[in-house]
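I opened this model to look at its aromatic residues and its nonpolar core. My notes follow.

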Amino acid sequence: MKRIEDLWKEAGIARAAELNMCPVKPGRKNRVNLLALGDVGASVLIGLRLLGADVISEIGIYDMSPENMLRLEIEINQISYPFGEEVAEQLPEVRVLSREELFDCDVFVFCASKGVPPLSARGDVRMAQLEANREIVDFYGKMAGETGYRGLIAVVSDPVDPLCKAFLESSGLHPAQIQGYGLGVMHTRALYFAGRNDRFSVYEKEGRAFGPHGADLVLADSLTDYDDQNSRELTELVTAANLQIRELGYKPYIAPAFSSGALSVLLTLRGRWHYSSLYLGDGRDGAFFGMKNRMTESGPVYEDAEICEPLFRRLYRAYDNLRRL
């Protein structure tokens, strides 16, 4: 049996950087700033506002369109319970930011995207956005480094994992400060299919998701009784799920914005188990790799489960491909 640490050891990395820094206040109030208010960003904003009162004190928003910022500040702040008794704490206030204020926060949520593929695009459209979005990441990564930012960078834009690495390289931040939020929806899509097909039902209690959001995703139907064929079939269903929505004429952003974005970020702030990408490497060589993890006062920790050889080979292929991007 092998473990997650064997991924970087097999790649020839002698010692991975320790994730021994906590960039947020687990279980306590954090200030969250959100960059870009398109379909995904606006949906993440709604989720954080409605569900984050226990761990968010305020939400700052920034977008290239001043009209869009003002519109969302007005509309989101007008979402509220009528008398307040339904919630234990006041919903976090939303306020408009200047660009200079973006890194005056505990959590910076990156939802910016350039060149979103049209509905007619085929295949894994996420990787088509890499070069365009890398330019944006480089700009804000340098800005984060120059401001001496000490909080969490939550990357939601596609392709999540390579953009996390680009942010690390351009910012010079500690690896524990950056997490990628794309794997959550792949897990919940697997739950969706597992609930509708008895062949995959074991996933609901024993399954795990690993790796990137998109091609090279690895789903395991069970860690204790792994079935390679069933796991690969479930993985194929999940990786194609976004294409099904596109074929219906819609962009598949709602489930990712909530399952990968808002809900997973909130679970991070609560110190609860969730899916996101952590950095596995020595700073010069490595990749952000999605897995089950949680934030502690000492920094992020991942589930250190035993992994059978057939599953490990799939994980290593995904990790190695991410390293080479």
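I count two rings of Phe, Tyr or Trp as a pair if their centres lie within 6.5 Å. The model is predicted, and I kept that in mind throughout.

Entry 1, aromatic pairs. I searched the whole structure and found eight aromatic pairs. I looked at F108 and F167 first. Their ring centres are 6.5 Å apart and their planes meet at 50°, so I logged the pair as tilted. F108 sits in strand β4 (residues 107-110) and F167 in helix α5 (residues 160-171), so this pair ties together parts 59 residues apart in sequence. F108 is buried, at 0% relative accessible area. F167 is buried too, with a relative accessibility of 0%.

I then checked F110 against F167. This pair is edge-to-face, with 6.4 Å between centres and 80° between planes. It also links distant parts of the chain, from F110 in strand β4 to F167 in helix α5, 57 residues apart.

The largest nonpolar core holds 59 residues. L48, F103, F108, F110, Y140 and F167 touch the most other members. Leaving out residues up to four places away in sequence, I listed the contacts of F110, which include L35, I136, Y140, V155 and F167. Another core, of 29 residues, lies apart from the largest one; I13, M21, A176 and A287 are among its members.

I looked at W273. The charged end of K292 sits over its ring, 5.4 Å from the centre. R294 lies over the face of W273 as well, at 5.9 Å from the ring centre.

Key:
Residues are numbered from 1 along each chain as its sequence is written. This is a predicted model: local features need pLDDT of at least 70, side-chain atom pairs count only at pLDDT 80 or more; totals for chains, interfaces and linings use all residues. Side-chain values use heavy atoms; hydrogens and water are left out. A nonpolar core is a set of buried Ala, Val, Leu, Ile, Met, Phe, Trp, Tyr and Cys residues joined through side-chain atoms within 4.5 Å. Buried means under 20% relative accessible area, exposed over 50%, partly exposed in between (1.4 Å probe, protein chains only). Contact means heavy atoms within 4.5 Å. Rings of Phe, Tyr and Trp (its six-membered ring) pair if their centres lie within 6.5 Å; planes under 30 degrees apart count as stacked, over 60 as edge-to-face and the rest as tilted. Helices (H or I, at least four residues) and strands (E, at least two) are DSSP runs, numbered from the N terminus. A charge sits over a ring if NZ of Lys or CZ of Arg is within 6 Å of the ring centre and within 35 degrees of the ring normal.
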